[in-house]
Amino acid sequence: MKVNLDGIHSNLRFSAAHMVIGHESCGKIHGHSYIVDVEVEGKRSGKFGFVIDFKVLKNITRKICKSLDHRLLIPVDSPDLEITYQDDKTVEFTILGELEYKIPKSDVVLLPIISTTAESLSIYITDAIVNELEDTSTLEYIEVQLNEGIGQGASYHKQLNE
């Protein structure tokens, strides 16, 4: 059985700035209002026969959205980005060996991903949700669709138990 969370109606959203390093137009810092849709398939279990408790799934997803909201998303695993300095207050980084940035640390999220595309962010959010779930033994898969506004986005489908 499938369980779905519609990000628009469940208020699973965040606004953030990012850049797709090296891309002709998306390589500049710009922002999106992201919407996160979540689908989980699994077996009904427990006292109430839930696949997964909606409240639990929404709270986890909202927590992840909140951690990304109104921040600059920086892909620290990018081969084209070098963190040159970091302390409790500041992050300094260089892109493509020439563009230098110095930003308050409170304004950024350093993500362990190669790029901040919708594709990479959907994988990051999916893995973050799975890591927060206490028990995935009755779940077959989780799929997260990350929409960069209305009409465009990327989905990641992660098998959990086959």
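Me: Which residues is S115 in contact with, leaving aside its neighbours within four places in sequence?
Reply: In this predicted model, where local features need pLDDT of at least 70, side-chain atom pairs count only at pLDDT 80 or more and totals for chains, interfaces and linings use all residues, S115 is in contact with P75 and S120 once those neighbours are left aside, contact meaning heavy atoms within 4.5 Å. Residues are numbered from 1 along each chain as its sequence is written, and side-chain values use heavy atoms, with hydrogens and water left out.

Me: Why is S115 called buried?
Reply: Buried means under 20% relative accessible area, exposed over 50% and partly exposed in between, with a 1.4 Å probe and protein chains only; S115 has 18% relative accessibility and therefore counts as buried.

Me: What makes the pairing of the side chains of S115 and S120 a polar contact?
Reply: A polar contact is a pair of N or O atoms within 3.5 Å, where within protein one must be able to donate a hydrogen and the other to accept it, and residues adjacent in sequence count only if both atoms are side-chain atoms. The side chains of S115 and S120 are joined at 3.2 Å, and the side chain of S115 also makes a polar contact with that of T117, at 3.3 Å.

Me: How do you know that β5 and β6 pair?
Reply: Two strands pair if DSSP finds at least two bridges between them, strands being DSSP runs (E, at least two residues) numbered from the N terminus; β5 and β6 (residues 90-95) have five bridges, in the antiparallel sense.

Key:
Helices (H or I, at least four residues) and strands (E, at least two) are DSSP runs, numbered from the N terminus.
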